[in-house]
Structures are given as structure tokens and as C-alpha cells.
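Colleague: I am new to this structure. Please take me through it by question and answer.

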Amino acid sequence: MPSHLSTLRELSALCDTELAGTVEPSPALLQLGHALQQAGYRFTTVTPLTHQRVNAREGNKWAKNLTDALGWSRPFREGVLPAQMSQLLHAAGAVIEVPGGWRSTLRASTLGERLFFHSAYPTTDANAVFFGPDTYRFARALEAALRSRASRIRRAADIGCGAGPGAIAVATQCPQAEVLAIDINDAALSLAAVNATLAGTHNVRPCHGDLLKDAEGGFDLIISNPPYLADPGQRAYRDGGGDLGDGLSLAIIDAAIERLAPGGLLLMYTGVAFVDGAAPFLQKAAERLDHAAFRWHHEEIDPDVFGEELDEAAYAKADRIAALWLVGEKPV
């Protein structure tokens with residue numbers, strides 16, 4: 001048995017302290033989520049530009065059904081939603097009045113068989129909870145990477161968990177593991193708590209924290225799908241800070257180097273800007289990981305995402321932004 005497992009068992013004594021700040025799921029949202037699951041609700045969240053274009057089509061101004069209201073974030077009039085669901089949405093405080101009707105402040109999306117509540121379109125608020133095409137890519141890459149490692153994981157952390165899809169994916173494949181879903185955004189933690197309960201992953205622990213500063217001990221696995229754009233509005237769910245939005249991704253690498261147990265794994269989905277054919281982020285990541293003797297590799301999941309960002313001043317010299325999957329293993 002690897003020696004670090006005894007250390008991880010000792011860390012279980014810290015759980016009561018760590019979980020003091022965890023978030024209880026909203027009863028009304030839980031009931032709504034169960035009702036949506038029983039109704040066979042399905043919705044795939046698209047990019048903001050696709051969302052904008054579809055909603056702008058003639059006849060799409062007002063919701064005609066449940067998917068229009070809770071997926072496409074269209075305002076709805078009385079009678080469009082089933083009465084029970086409308087009451088639960090109001091009880092959860094997730095609806096606002098607009099001229100002629102109401103509008104949900106949350107979206108409900110599906111990823112595989114799981115349902116996730118997250119922020120409604122458009123995600124303009126500073127504390128918006130993101131879920132979109134990046135989430136689907138992240139989840140697929142994560143599940144594939146864990147297939148041969150799941151039984152070895154006893155303690156995991158999802159840094160910047162958002163709505164919780166990463167933490168829930170880990171908890172599903174590693175039911176024996178304690179999975180901390182960590183975020184600085186209380187709105188994200190509230191939704192992650194609901195989504196984890198809906199998924200039946202009771203080993204997920206939503207915890208408020210900045211990186212791993214508020215969590216004790218080591219981890220077998222650290223995952224993250226962090227904000228990675230240089231956002232002029234500095235919205236928490238988009239802005240990665242640093243040069244070209246890479247600041248948070250690099251900080252997560254630093255945290256993983258420090259806090260992974262021997263043989264522990266870092267799995268990170270992020271976006272990187274290329275300038276003159278090279279990615280400055282990768283050079284900075286290599287310096288850190290090589291110095292720590294990590295075995296690591298990366299691959300481009302998508303070579304061109306968020307192309308519209310190239311019009312922003314921060315990306316004036318960038319060629320493209322790519323979606324990157326980075327895997328790092330700490331030496332034993």
C-alpha cells in the first residue's frame with residue numbers, strides 16, 4: 001500500500017472542520033430538479049453566439065415550452081410552465097418579473113444523464129456560474145483520463161468547481177473518494193450542492209475557498225476547468241488574470257505541485273493563447289512542472305475557441321485561442 005494513503009486517512013479527521021463551511025442544497029431547486037428529471041427534460045447548452053442567434057429568430061422572443069424557458073432563457077408567460085415547476089422556481093428565488101411575464105435566472109442543462117442548474121443566458125453578472133461547450137469537453141476528457149486511475153483515488157479537489165460537473169464526474173467514477181468542490185463564488189457552491197445531490201454523488205463536498213488555501217492536507221487528484229480569458233469586465237467566471245488570461249491556470253499548477261501526494265495527478269482543461277505560433281502559457285507551465293520533476297503532457301482538444309476574443313485589445317497579437325488538456329503526475 002502506498003505510504004501516502006495513511007496520511008490521507010489521517011486527513012479524514014479534518015473533514016468536520018472543512019465541511020463547516022459547506023453549502024446545503026436548496027430544497028425548492030432539488031424538487032424542481034427531480035421534477036425535470038422525471039419529465040425527461042434535456043437541453044445542451046451552446047456557445048453564447050449560437051444562443052444569441054437562435055433566440056433572435058422570429059418567433060423565439062417568448063418561451064412556448066419548458067425547454068424554451070429553462071434552456072434557452074426566454075421569458076415566459078403564465079401557463080407556459082407546469083404549475084408545480086413554476087411554483088418551485090419562484091420558491092427558489094430563481095425568477096424575476098419582466099414586462100408581460102417572468103424570466104428564470106437559472107438554466108438547466110444536461111450532460112449525459114445528469115442535470116445541472118447554472119446561470120441563465122446572458123451570463124453578464126460578475127458572479128455568474130458558467131456551463132457550456134467547454135464543460136462538455138472537460139467532462140469527456142476527465143472521464144477518459146480517470147478510467148484507469150479511479151480505484152487509486154481517495155481524496156480529490158476540483159478547483160473552481162462552478163456548477164460542479166467536474167467534481168460530480170470524479171465522485172461518480174470514484175465513489176470511495178472524498179471530493180472537495182472548491183470555489184470562491186457562493187452562487188456556484190449553492191448550485192454545485194444541488195447538482196451533486198441530483199446526481200446522487202453524496203461524496204461531493206462543496207467548500208468555499210481560494211485555490212487550496214482553505215483546504216488542509218494532500219490530494220490524490222486535483223482537477224480544474226478554470227477561467228482562462230483576459231476579460232475586460234474582470235468577471236470571475238471568465239477572467240483568468242495574468243498575461244493573456246493564464247494567471248489562474250498557472251496558480252493551479254503551483255498548487256498541484258505543492259499539494260498533490262506522491263503519485264498524485266493533475267488534470268486541467270484550460271484555454272491558451274498562441275502568439276506567433278507559440279503558446280506562452282506552455283513555456284511557463286513547462287518551467288514549473290519540469291522543475292518539480294513531474295511527468296506531464298498536453299494536447300489540443302480544440303485548436304480554435306472564442307475567436308471573437310481576438311478583437312479585444314488584450315489579444316491584439318494573438319493568432320488563436322486553443323482549448324488545452326494538461327495532465328501532470330507528481331513523482332513518487
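Modeller: Two strands pair if DSSP finds at least two bridges between them. Helices (H or I, at least four residues) and strands (E, at least two) are DSSP runs, numbered from the N terminus. This is a predicted model, where local features need pLDDT of at least 70, side-chain atom pairs count only at pLDDT 80 or more, and totals for chains, interfaces and linings use all residues. Residues are numbered from 1 along each chain as its sequence is written, and side-chain values use heavy atoms, with hydrogens and water left out.

Colleague: How many bridges join strand β9 to strand β11?

Modeller: Strand β9 covers residues 260-274 and strand β11 residues 320-329. Phenylalanine 274 stands opposite arginine 320 in β11. The two strands run antiparallel, and the number of bridges joining them is 10.

Colleague: Which strands stand at the edges of the open sheet of 7 strands?

Modeller: The order is β7-β6-β5-β8-β9-β11-β10, with mixed pairing. Two strands each have a single partner, so one side of each is left without a neighbour in the sheet. These are β7 (204-208) and β10 (295-302).

Colleague: Is alanine 141 buried or exposed?

Modeller: Alanine 141 lies in helix α7, residues 133-146. It touches Ile301 and Trp325, not counting residues up to four places away in sequence; contact means heavy atoms within 4.5 Å. Buried means under 20% relative accessible area, exposed over 50%, partly exposed in between (1.4 Å probe, protein chains only). Alanine 141 has a relative accessible area of 14%, so it is buried.
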